[in-house]
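Please look over the chain below. The report that follows takes up a few of its residues and helix pairs.

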Amino acid sequence: DGDKIILCKKTDNKSLDEFAYQYFNAPLYMDRFEAIEAAQSKEVEAAGQKIILAALKDKYYGLRLKAVRALKMNNKEIHDAALPVLTTLAKSDANTLVRAAALTALGKLKDPAYMNIYKEAIGSQSYAVQGAALTAINGIDSLQALTLAKGFEKDNLGALTQAMITVFATNGSSEAWPFVYDKFTAGDVNTKFGMIRNFGAMTGKVKNPEFAQQGISEIKALGIKYKKFGGVGPFIINMLNNIKEDRTKLNDAASAKAADDAATEVKDAK
């Protein structure tokens, strides 16, 4: 299937060296895509590294993105070889998704040496880039991230909104609760479940007991409504128990009891 047009399920028995040859010599996007797929789980091998590192500079943004996400930066050899390219992508890749992915990969290192890159990226017009930069800053300096996040409250979408909620959840600021609460309650079910870990974390940490009880009520309602789907019930109950522990540590007995009662209601719901 040299033209990559046959509808089929294919088992390919090429060696990694053959996939490396394919990446550098075959003409199609899918040829290189297949090679990156093969290399993702074998980056410790020389041929795997060769493919992934080359793909960071691929002419197609989708393959650059795939390569960035495949990087295993906890491997020193890969880290040292990829870092210069990754830094360049984070600073200036023409595609905002690639730039955001590179910022995310750099951010996981939690190295203050890259703070200037993140600060520059915060000024991007891309919500994806801004969100990745904000998350990276939060990993190094949560108070600075909180200040930056507050500045985006009137203009945010997608990845930036998610990053802001993560920052607010980390800090537990009562001042930020109305923003997070409004985003959660206004969202559809997919949005709510996408936010719920951070929403639950903030419910546990927020200073104002009234806000904590608002969060507990919303989480309980979601657990009861969707308990019939798989592991939703146990997941929500565990979250409410964690909130109970957090509220107890804050000497907020009323909210701790509300969380305990909510967990029981979800458990008993039919």
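Which backbone oxygen does the side chain of Ser 255 reach, and at what distance?

## Ser 255

This is a predicted model. In it, the side chain of Ser 255 reaches the backbone oxygen of Pro 209, at 3.4 Å. That distance falls within the 3.5 Å cut-off for a polar contact.

Ser 255 is found in helix H15, which covers residues 253-268. The residue is buried, because its relative accessible area is 0% and buried means under 20%. Leaving out residues up to four places away in sequence, Ser 255 touches Pro 209, Ala 212, Gln 213, Ile 216 and Arg 247.

## The chain as a whole

The chain has 15 helices and zero strands. Its C-alpha atoms fill a box of roughly 65 × 45 × 30 Å along the principal axes.

Of the 270 residues in the chain, 45% are buried. Take the contacts with a separation of 6 or more: residues 24 or more positions apart account for 58% of them.

## Helices H12 and H14

Two packed helices are described by the angle between their axes and the distance between the axes. Helix H12 spans residues 189-205, and helix H14 spans residues 232-249. Their axes come within 7 Å and cross at roughly 25 degrees. Angles under 35 degrees count as roughly parallel, so H12 and H14 are roughly parallel to each other. Their crossing is right-handed.

On the H12 side, the contact is made by Phe 193, Ile 196, Arg 197, Gly 200, Thr 203, Gly 204 and Lys 205. H14 supplies Val 232, Phe 235, Ile 236, Met 239, Ile 243, Asp 246 and Arg 247. By class, the residues of this contact divide into seven nonpolar, three polar and four charged. Arg 247, one of the H14 residues here, is also among the residues that Ser 255 touches.

## Helices H2 and H3

Helix H2 (residues 29-40) packs with helix H3 (residues 46-55) at an angle of about 130 degrees. Their axes are 9 Å apart. That angle makes H2 oblique to H3. The crossing of H2 and H3 is left-handed.

H2 makes the contact through Ala 35, Ile 36, Ala 39 and Gln 40. H3 makes it through Gly 48, Ile 51, Ile 52 and Ala 55. The contact of H2 with H3 has six nonpolar and two polar residues, and no charged ones.

## Ala 35

Apart from neighbours within four places in sequence, Ala 35 is in contact with Phe 19, Gln 22, Tyr 23 and Ile 51. Ile 51 is one of the H3 residues in the helix contact above.

Ala 35 and Tyr 114 are 79 residues apart in sequence. In space they are 31 Å apart, C-alpha to C-alpha.

## Two positive phi values

Most residues other than glycine have a negative phi. Lys 4 has a positive phi of about 55 degrees, although it is not a glycine. Lys 4 lies in the segment before helix H1 (16-25). Lys 4 is partly exposed, with a relative accessible area of 24%.

Lys 110 also has a positive phi, near 50 degrees. Its place is in the loop between helix H6 (96-107) and helix H7 (115-122). Lys 110 is exposed, because its relative accessible area is 55% and exposed means over 50%.

How values were computed: Residues numbered from 1 in each chain as written. Predicted model: local features only at pLDDT ≥ 70, side-chain atom pairs only at ≥ 80, totals over all residues. Heavy atoms only, no water. Axes fitted to C-alpha atoms, helices over the stretch in contact; angles between N-to-C directions. Helix = DSSP H or I, 4+ residues; strand = E, 2+ residues; numbered from the N terminus. Parallel < 35°, antiparallel > 145°, perpendicular 65-115°, else oblique. Left-handed = near helix turned anticlockwise from the far one by under 90°. Contact = heavy atoms within 4.5 Å. Nonpolar A, V, L, I, M, F, W, Y, C, P; charged D, E, K, R; others polar. Buried < 20%, exposed > 50% of the residue type's maximum accessible area, 1.4 Å probe, protein only. Polar contact = N/O pair within 3.5 Å; in protein donor to acceptor, adjacent residues only side chain to side chain.
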